[in-house]
Amino acid sequence: MDWDVIDGALKVMDAWSPTSSYRGTFTPDELVAIDHPLPGLYMVYSLNTDQIRPGKIGHWTVVNVISESGNGVHLEYFDSLALKPYYLNPYIDCFIANNFSTYTHCTHSVQSTDSNSCGYFALCYCYFSVIQGLSLKEIMSKFGKGQYSENEEFVRKLCFHLFYI
């Protein structure tokens, strides 16, 4: 999915939510030290590996910093292929390690490795987390394990419905 399409859709979504703070679309080496958000605020960073791994097809992931009233700041890392940050990119891993003692991440892949739908999955994750207030575990339960075709059809239809993409 095109960089501008992801960025535009997330800006639209940010306007829908008074608790969201879309921080932008970045390559992992562009991540900077974050400001901790106010309670009840989400800080969404959309990441693409395209500029980091020359010659490789870019892969969309999401870093979502969530500040919960009374529970402090929590990070959710969404990768539709369920790759850990240290495996995917050292910049993402360093960003997380330097700013968070713990984080949650996807426990199983929801997308086939030969699919190019990671941008759709990233947008759907943001929609379910920021707009509907679902946790990563709740979002992951919407996708069937190993049901890649069904999962892809679901996210493409939802993105078309929400963003006409």
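S129 is buried, with a relative accessible area of 0%, where buried means under 20% relative accessible area, exposed over 50% and partly exposed in between (1.4 Å probe, protein chains only). This is a predicted model, in which local features need pLDDT of at least 70 and side-chain atom pairs count only at pLDDT 80 or more, while totals for chains, interfaces and linings use all residues. Residues are numbered from 1 along each chain as its sequence is written, and side-chain values use heavy atoms, with hydrogens and water left out.

H105, by comparison, is partly exposed, with a relative accessible area of 25%. The placement of both residues is tabulated below.

| Residue | Element | Range |
|---|---|---|
| S129 | helix α4 | residues 118-131 |
| H105 | strand β5 | residues 104-105 |

Helices (H or I, at least four residues) and strands (E, at least two) are DSSP runs, numbered from the N terminus. Leaving aside residues up to four places away in sequence, H105 touches Y77, K84 and L136, contact meaning heavy atoms within 4.5 Å. H105 and P85 lie 20 residues apart in sequence, and their C-alpha atoms are 9.0 Å apart in space.

α4 also packs against helix α6 (residues 148-163) at an angle of about 65°, with the axes 9 Å apart; axes are lines fitted to C-alpha atoms, for helices over the stretch in contact, and angles run from 0 to 180 degrees between N-to-C directions. α4 and α6 are therefore roughly perpendicular to each other, the class for angles of 65 to 115 degrees, with under 35 roughly parallel, over 145 roughly antiparallel and the rest oblique.
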